[in-house]
Amino acid sequence: MDLGILVTNDDGIYAPGLWMLVEELQKVGQVIVVAPDREQSGIGTAVTLHQPLRVRPVKPLIPKIKAYSVEGTPADSVILALGMLAENKVNLIFSGINEGANLGDDVLLSGTVGAAFQGYFHKLPSIALSVASWENVHFDVAAKLGGLLASKIMAGSFPQGILLNINLPNLPVEKIEGIEFTRLGQRSYADLIKPGYDGKREYYWVVRGNPHWTIEQGTDIGAIETGKISITPLHSNLTGNYEASLREYLSSLPRELRLGGALA
Ligand code: MN
């Protein structure tokens, strides 16, 4: 039986990275493309609940691939694909190939990773693929890696309850230093607010400043910085450390709310 592969992204349905990936994946399984009709980078895991979603069949850039554009988010695209558009069973979801890295704290804002999370919520093997550049992006290695992973997943079982967030340095294959299995690093941004005036009212643009990288070995950022491909397994459990100090800090709350008893 053919492997059913759903491909989506957050750069919009005609982004070149998506079609480079489809070209490789179609060798492995039956590909369907369902992706936002325009760029949705930074939309995270958002699902559209307050307006209707329009879906259009679109002309694929690779013959015979079924493709639909969605007037919504990457996560909306996955929901519509799995619930309605895919005629055959979907076994595997790819999101990308994104132009630009999704490293560290980016995973909470990334539409590329957000779409993969929607696949994860449906308990399907889900892979987010990004290349760490916005210019002259080398999609070929990422596409090939996608094809290899799809074959692997077809051949055997994929671990339950994780998704893979994969980032590649923007290098030709002969310059890539290897593959590292990583944890999330820290990359933060100063958000700049740029005011303007449209002739009637003031408006504000939130502009992402330059990222501040903490380069640490074993992290996704560390891997990319040293020219390696980073594979980070993610899950949705965001629970922080149960630190004794925090428990102590909150310990008076039951009394202050007149609930009696201690903080359990
Ligand atoms: Mn993007």
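User: How do you know that H1 lies across strands, and which strands are they?

Analyst: Contact here means heavy atoms within 4.5 Å, and H1 lies across E1, E2, strand E4 (66-70), E5 and E6. H1 runs at about 140° to E5; for such angles, axes are lines fitted to C-alpha atoms (for helices over the stretch in contact), and values run from 0 to 180 degrees between N-to-C directions. Helix H3 (residues 111-121) lies across E1, E5, E6, E7 and E11, at about 170° to E6. A word on the source: this is a predicted model, where local features need pLDDT of at least 70, side-chain atom pairs count only at pLDDT 80 or more, and totals for chains, interfaces and linings use all residues. Residues are numbered from 1 along each chain as its sequence is written, and side-chain values use heavy atoms, with hydrogens and water left out.

User: Why are E3 and E8 said to stand at the edges?

Analyst: Start with pairing: two strands pair if DSSP finds at least two bridges between them. That gives an open sheet of 9 strands in the order E3-E4-E2-E1-E5-E6-E7-E11-E8, with mixed pairing. Strand E3 (55-57) and strand E8 (179-181) each have a single partner strand, so one side of each has no neighbour in the sheet. From one strand to the next, the twist averages 20°.

User: How do you know that E1 pairs with E5, and how do they run?

Analyst: There are 4 bridges joining E1 to E5, and the rule asks for at least two, so they count as a pair. The two strands run parallel.

User: Why is Ala142 called buried?

Analyst: Buried means under 20% relative accessible area, exposed means over 50%, and partly exposed is in between (1.4 Å probe, protein chains only). Ala142 has 0% relative accessibility, so it is buried. This residue is found in helix H4. Beyond its neighbours within four places in sequence, Ala142 is in contact with Ile97, Leu129, Val131 and Leu168. Over the whole protein, buried residues make up 46% of the 264 residues.

User: What makes a group of residues a nonpolar core, and how many residues has the largest?

Analyst: A nonpolar core is a set of buried Ala, Val, Leu, Ile, Met, Phe, Trp, Tyr and Cys residues joined through side-chain atoms within 4.5 Å. The largest one has 39 residues, and Val7, Val33, Phe94 and Ile166 have the most contacts inside it. Elements that each supply at least two of its residues include strand E1 (3-8), helix H1 (16-25), strand E2 (29-36) and helix H4 (140-155). H4 gives the largest share, 7 residues. Apart from this core lies another, of 14 residues, among them Leu6, Ile32, Ala81 and Leu124.

User: What makes Asp10, Asp11, Ser41 and Asn98 donors of the manganese ion?

Analyst: Donors are N, O and S atoms within 2.8 Å of the metal (3.2 Å for Na, K and Ca); water is not among the atoms, so a site may look incomplete. Asp10 (OD), Asp11 (OD), Ser41 (OG) and Asn98 (OD1) lie 2.1 to 2.3 Å from the manganese ion, so they meet the 2.8 Å limit. Asp11 is in the loop between E1 and H1 and Ser41 in the loop between E2 and E3, so this pair ties together parts 30 residues apart in sequence.

User: Are Asp11 and Ser41 buried or partly exposed?

Analyst: Asp11, at 16% relative accessibility, counts as buried. Ser41, at 38%, counts as partly exposed.
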